[in-house]
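Below is a short briefing on one protein model, grouped by topic. Please read it alongside the sequence and the coordinates.

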Amino acid sequence: VKFQVEEEICDIFTWKDAAFDFDSTRTAEEVQGELAAEDGAQEDVHRLSIDPQALILEAARRMDDWVQFAERIPTPYLCFRVTKKAEGLYAKTSPYNQRIIKLIRDGRTLETVVKLSCLGRFNVYKSVVRFLDDGWISPYPSSELKLLASDHRTYDRFADALFIYRRLLELATLDDEKQELERNIEDTVDQILRLKAAGRRP
């Protein structure tokens with residue numbers, strides 16, 4: 001949990017045109033009371049010991065890397081293909097790399113790889129850039145992304161399908177194509193809401 005919290009805070013420093021406030025005077029009990037007042041439920045508040053100065057220094061250290069990542073990975077909605085080189089070395093590489101490669105092999109979007117790997121956004125992006133440089137992965141062909149999104153829907157991976165449709169909408173130039181993608185997005189969002197209502201993760 002501590003690692004996830006630290007990663008989320010470091011992510012804040014990558015936001016553009018954002019503002020946030022750090023208040024060291026509030027107690028856990030005060031936060032718990034505010035959460036309960038908002039949704040009427042008693043929320044658990046976990047106490048963590050985090051050095052804010054060290055965390056800010058780490059976030060600042062990562063900034064130069066994030067600039068380079070953004071040049072190579074312009075959107076978290078990208079998908080990649082695993083190359084024959086990576087398949088040949090898969091059994092010999094570290095469990096850390098295997099976890100990321102397996103998710104990429106399944107056609108998962110980068111955003112989903114970050115969430116399911118539990119390795120942190122910075123670490124995943126750093127590994128993906130290294131995989132690209134080493135020839136372990138290559139970008140998924142744009143012409144095949146619709147089919148990939150359809151496959152994700154078949155296996156109830158609606159979050160991945162939604163990310164891919166959003167990426168395709170960014171790239172679309174024809175009105176008919178945009179309208180079709182908007183319909184796909186709307187239908188996929190409905191499916192996600194149904195799964196969440198049923199207590200399942202999309």
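A residue is called buried when its relative accessible area is under 20%, exposed when over 50%, and partly exposed in between (1.4 Å probe, protein chains only). Helices (H or I, at least four residues) and strands (E, at least two) are DSSP runs, numbered from the N terminus. By these cut-offs, six of the eight residues of helix 6 are buried, so helix 6 is largely enclosed by the rest of the structure.

This is a predicted model, in which local features need pLDDT of at least 70, side-chain atom pairs count only at pLDDT 80 or more, and totals for chains, interfaces and linings use all residues. Residues are numbered from 1 along each chain as its sequence is written, and side-chain values use heavy atoms, with hydrogens and water left out.

**Overall make-up and confidence**

- The protein chain contains ten helices and two strands, and their order from the N terminus is α-α-α-β-α-α-α-α-β-α-α-α.
- The mean pLDDT (the predictor's confidence in each residue, from 0 to 100) of the protein chain is 86, and 81% of the residues score at least 70.
- Among the elements, the lowest mean pLDDT, 67, belongs to helix 1 (residues 2-12), and the highest, 97, to strand 1 (residues 80-82).
- Of the 202 residues in the protein chain, 34% are buried.
- Contact means heavy atoms within 4.5 Å. Of the contacts between residues at least 6 apart in sequence, 65% join residues at least 24 apart.

- The buried residues in helix 6 are Leu-110, Glu-111, Thr-112, Val-113, Val-114 and Ser-117.
- Their cover includes helix 5, helix 7 and helix 9.
- Just after helix 6, Cys-118 takes a positive phi of about 60°. Its place is in the loop between helix 6 (110-117) and helix 7.

**Helix 5 against helix 7**

- The axes of helix 5 (residues 95-105) and helix 7 (residues 121-134) come within 11 Å and cross at roughly 80°. Axes are lines fitted to C-alpha atoms, for helices over the stretch in contact, and angles run from 0 to 180 degrees between N-to-C directions.
- Helix 5 and helix 7 are therefore roughly perpendicular to each other. Angles of 65 to 115 degrees count as roughly perpendicular, under 35 as roughly parallel, over 145 as roughly antiparallel and the rest as oblique.
- From helix 5, Tyr-96, Asn-97, Ile-100, Ile-101 and Ile-104 meet Asn-123, Val-124, Ser-127, Val-128, Arg-130 and Phe-131 of helix 7.
- By class, this contact has seven nonpolar, three polar and one charged residues. Ala, Val, Leu, Ile, Met, Phe, Trp, Tyr, Cys and Pro count as nonpolar, Asp, Glu, Lys and Arg as charged, and the others, Gly among them, as polar.

**Cysteines**

- Zero disulfides (pairs of cysteine sulfur atoms within 2.5 Å) are found in a search of the whole structure.
- Cys-79 is buried, because its relative accessibility is 5%.
- Cys-118 is partly exposed, at 47% relative accessibility.

- Asp-151 is found in helix 8 (residues 145-154) and counts as partly exposed at 37% relative accessibility.
- Asp-151 and Gly-107 are 44 residues apart in sequence, and 9.3 Å separates them in space, C-alpha to C-alpha.
- Asp-156 lies in the loop between helix 8 and helix 9 (158-171) and is partly exposed, with a relative accessible area of 29%.
- Although not a glycine, Asp-156 has a positive phi of about 60°. Most residues other than glycine have a negative phi.
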